[in-house]
Amino acid sequence: MSNFYLDNPDIEKTIDAMDLGEVAELQEEGFRFAKECDFAPTNAEDAIDNYKRALCVCGDVAGNRIAPTAEETDKVGNVLNDDGSVTYAPGIALAIKLFGKTRLSGVTIPYYLGGLNMPCVVLTACNDIVSRADASLMNIFGLQGIAETINQFASEEIKAEYVPKLCDGTYTGAMVLTEPDAGSDLQSVKTTATQDADGNWFVNGVKRFITNGCGDVLLVLARTEPEFSDGRGLSCLLVEKGPWVKVRRLEHKLGINGSPTCELVFTDAPAKLIGQRKRGLITYVMSLMNGARVGISAQGTGIGEAAYRAARDYAASRRQFGVTIDSFPALRELMGDMSVELQGSRLLAYYSSKSVDLEMGLSKKFETLKGKPEAQDVRRRMKLYAGFNKMLTPMAKYYASEMSMRAANGAVAVLGGSGFMKDYPVERYLRDSRITTIYEGTSQLQVVAAIAGVMAGLYKDVVADVLNGVEVGPDLLAAVAEINKFAAETDEAAEFVKGHGAGRMYQDLHARQLVDAAIGVVIGSLFVRFAAKFPEKKLALDYWLAAKFPSLRAELAKAKSGYTASVTDFEKLAPMPAAE
Amino acid sequence: MCGMNASKKSGYRCVVCIKQVPDTKKVTGEAMKADGTINRAALPAIFNPEDRNALEAALRVKDEHGGKVIAVAMGLPAACAILRDALMCGADEAYLVTDRKAAGSDTLATSYILSCAVKMFQPDMVFCGRQAIDGDTAQTGPQIAEKLGFAAITYLEDLKMDGDFAIATRDIGTGVEKDRVKLPALFTVTDRFGELRPFDVRRVMKYKKAKAAVENGGEPLEGDLKIGQLSCDDIGAEPERCGFAGSPTNVNKIVSVVLAGGDFKEVAPTDEGVGALVAELVADHTIG
């Protein structure tokens, strides 16, 4: 047993590399809360020290209390009882209780509603730590987005009623979006919410694949405007657990067995409207979803961490041919690659979280400065980060989730036959990792979300922001030059794709190559920032350039090949299997 | 409510005695200096593990029945670190007993000094860890009880309250014993006493700023963040019973023993063979 924050110095180093001074000042609104709240920080240093202490508490609970329960949780899962209630696996029930006691169930929630008022980047680090202990727990721990959505958009009355209880572990929540015929395409949601003569709302319909649908506070996406059949007709409503919501079924899944995935039936369920009508999908769910995507970037990172450690430990003790297997170059390459990708994933996840914090913090600051001359500059920067986030959040989710699958797969490879057995946790990591590339938008959808920013060259502005204020010493100049060179090649490929005669189809076909290359550039610059602060990280930077850029160049070559047959000759390339 | 687990009206005043100790799990060859004393620089100082259990026991009494939890540590100003931990964990007040006159105290002098401090708080219950991982004597708790005239319940595993009585479950090695004990009483708590609570991060953020006067240029802080500081005079301890003067224990010699595997010995799997081995281990005081 160990503290999963203290035994992993990379988390603190990554936090340090983010330089969270401005984030802390924005989050604390100029440290004005210290006057009324005796635990609020008085300056940036104080706040950042709090962030690290919170992570230390998180690492203690995750490493010492939750990790030992993960195997059992995976095995027993959650149980749907005859009366329609759900009994959590013992480890999950314990975790909900402990995280409530620590108040880590309300990391980003304001002090006055019972939370810790910490930035998103701290929640990301918590999710990273929790996912290493038990990836399936993160799905419940990460549902802090429910409290955050209520906090951002609901009336003060609704906030006061629900948010404090979500922070102290009395309640858990769920985001209730997906339906049998509305998965990636949420615009086609059929569940309805109607008002009676007194204006009370009632929800009716069926929802599917709802993580923690057995929770106490359900945020439901439902159609309030029957005259609109698309996203404009949808609103967000809060339904409390009760006889009007029945858990009809718990899904049997490949992985994350600790996370109860429910099918829900709503029958005249009394509901409260969150915010304004018609903004359910367009504003609130998009915000919730973006937060959830940031969460998955952390979950992928945490699974990668667990897998990497299991592989590295095993390889250091397993002997074959008279030596430990970590002395074989092929396994060294595999584990070295896992290690560097893991660090890159963490850098991207934390940096994109910081960028979310800056957008939100600057937006709040702008509200207070409206009309003053300095407001314009704040607004300009807010817009800059808002633009970044549209590209960075999907990039981070995409990269971390794909990385977690590679890492877990690699760990199984390192453990060989043992890795295939249930005696070791790596097969669980492999099963758990698989969902990360699917939910909150598949990898393909993340690419669709990120490609516009890549085509517009926005990733180069991100690089400028990453390197802003970084003292790039002479030993790092060559790396920066190489990153710039590769960025120019990525641009060139993007221009080719833009100009191709097949138009949109060609861009859709090759978007992944371009997004992969742009992620390579962004992570490369993050490694420069990392190495400038921690010289021992130069090795990871050099590896990134030496080992990743060549394969990314090969991907760009595909984008520039003009090849379209995979779409145009699809029927011949991938014929429908004959029935008989 | 009658019978078990009924509260006293006003809740219970609980004092927890805690100690800062070198982390003996991290002992290496550098743990001892040439003169036989501990090389504190080589070992991180931590909250004695079973004292965390003692604190947990007191906090559970307070959670269920109300009252107050007061943490007391004797030691150098550095021991304020564990007093801050106690506050973060849920203690209401924290006091550091620190005095040059207390230097060199053995368990007799330590328990005398602590008993003087504890007496000031007029507790219903005193909680100590079973033993500290640096000395492993398990003497200090029972000796405090003796000086206070309190019943001493050692090896506590579970506790229920019944008005002016406590129902204590203690580990007696071969099983458990249940005692009904009239308060005031002192308990020494083992690591089998339930799970420790994690820190509430809000308390961590607040009490990281708690300080004793000695850490603040001699000025005590105001309000919640104050760690009380007590000298031997403050607690009315007689100087001749403190520190070296009050410590009859005389350390003759300290030897750094490095344990290493040596030869093995085959023991016949018969009653005679095992009997001979047991006799040998008793003779060299390994067991018995």
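Helices (H or I, at least four residues) and strands (E, at least two) are DSSP runs, numbered from the N terminus. With that naming in hand, here is a friendly tour of this predicted model.

For background, most peptide bonds are trans.

## Where chain A meets chain B

How many residues does each chain bring to the contact? Chain A contributes 14 residues and chain B contributes 10 residues. On the side of chain A that touches chain B, α3 (44-66) and α5 (90-102) of chain A each supply at least two residues. The most comes from α3(A), which gives six residues to that side.

The side of chain A that touches chain B can also be sorted by class: seven residues are nonpolar, two are polar and five are charged.

## Two helix pairs in chain A

Let us look next at how some helices of chain A pack. Helix α10 (residues 280-317) and helix α12 (residues 375-415) of chain A have axes that come within 7 Å and cross at roughly 20 degrees. Angles under 35 degrees count as roughly parallel, and α10(A) and α12(A) are therefore roughly parallel to each other. The crossing in which α10(A) passes α12(A) is left-handed. By class, the contact of α10(A) with α12(A) has 18 nonpolar residues, along with nine polar and two charged ones.

The other pair is made of helix α1 (residues 9-18) and helix α11 (residues 329-369) of chain A, whose axes come within 10 Å and cross at roughly 45 degrees. These two helices, α1(A) and α11(A), are therefore oblique to each other, and their crossing is right-handed. From α1(A), the residues A:Asp10, A:Thr14, A:Ile15 and A:Met18 take part; they meet A:Gln343, A:Arg346, A:Leu347, A:Tyr350, A:Tyr351 and A:Lys354 of α11(A). Sorted by class, the contact of α1(A) with α11(A) has five nonpolar, two polar and three charged residues.

## A helix in the open

Is helix α6(B) largely buried or in the open? Of its 13 residues, the number buried is zero, so α6(B) lies largely in the open. This helix of chain B covers residues 271-283 and reaches 18 Å from its first C-alpha to its last, close to the 18 Å expected at 1.5 Å a residue. Just after α6(B) comes B:His285, with a positive phi of about 65 degrees.

## Positive phi in two loops

Most residues other than glycine have a negative phi. A:Ile256 is not a glycine, yet has a positive phi of about 35 degrees. On chain A, the loop between β8 (245-250) and β9 (261-274) is the place of A:Ile256. A residue is buried if 20 or more other C-beta atoms lie within 10 Å of its own, and exposed if 12 or fewer do. A:Ile256 has 28 other C-beta atoms within 10 Å, so it is buried.

Over on chain B, B:Asp136 has a positive phi of about 55 degrees, although it is not a glycine either. B:Asp136 is found in the loop between β6 (125-129) and α4 (140-148) of chain B. Because B:Asp136 has 10 C-beta neighbours inside 10 Å, it counts as exposed.

Which residues does A:Phe486 contact, leaving aside neighbours within four places in sequence? They are A:Gly520, A:Val521 and A:Phe549. A:Phe486 is found in helix α17 (residues 474-499) of chain A, and it counts as buried because it has 21 C-beta neighbours inside 10 Å. As for A:Thr170, it is 316 residues from A:Phe486 in sequence and 51 Å away in space, C-alpha to C-alpha.

In chain B, B:Tyr12 is found in strand β1 (residues 12-18). With 23 other C-beta atoms within 10 Å, B:Tyr12 is buried. Setting aside neighbours within four places in sequence, B:Tyr12 is in contact with B:Val61, B:His65, B:Gly67, B:Asp124 and B:Met125. B:Tyr12 and B:Val69 are 57 residues apart in sequence, and their C-alpha atoms are 8.4 Å apart in space.

Notes: Residues numbered from 1 in each chain as written. Chains lettered and ligands numbered in written order. Predicted model: local features only at pLDDT ≥ 70, side-chain atom pairs only at ≥ 80, totals over all residues. Contact = placed C-beta atoms within 7 Å. Nonpolar A, V, L, I, M, F, W, Y, C, P; charged D, E, K, R; others polar. Expected span 1.5 Å × (residues − 1). Axes fitted to C-alpha atoms, helices over the stretch in contact; angles between N-to-C directions. Parallel < 35°, antiparallel > 145°, perpendicular 65-115°, else oblique. Left-handed = near helix turned anticlockwise from the far one by under 90°.
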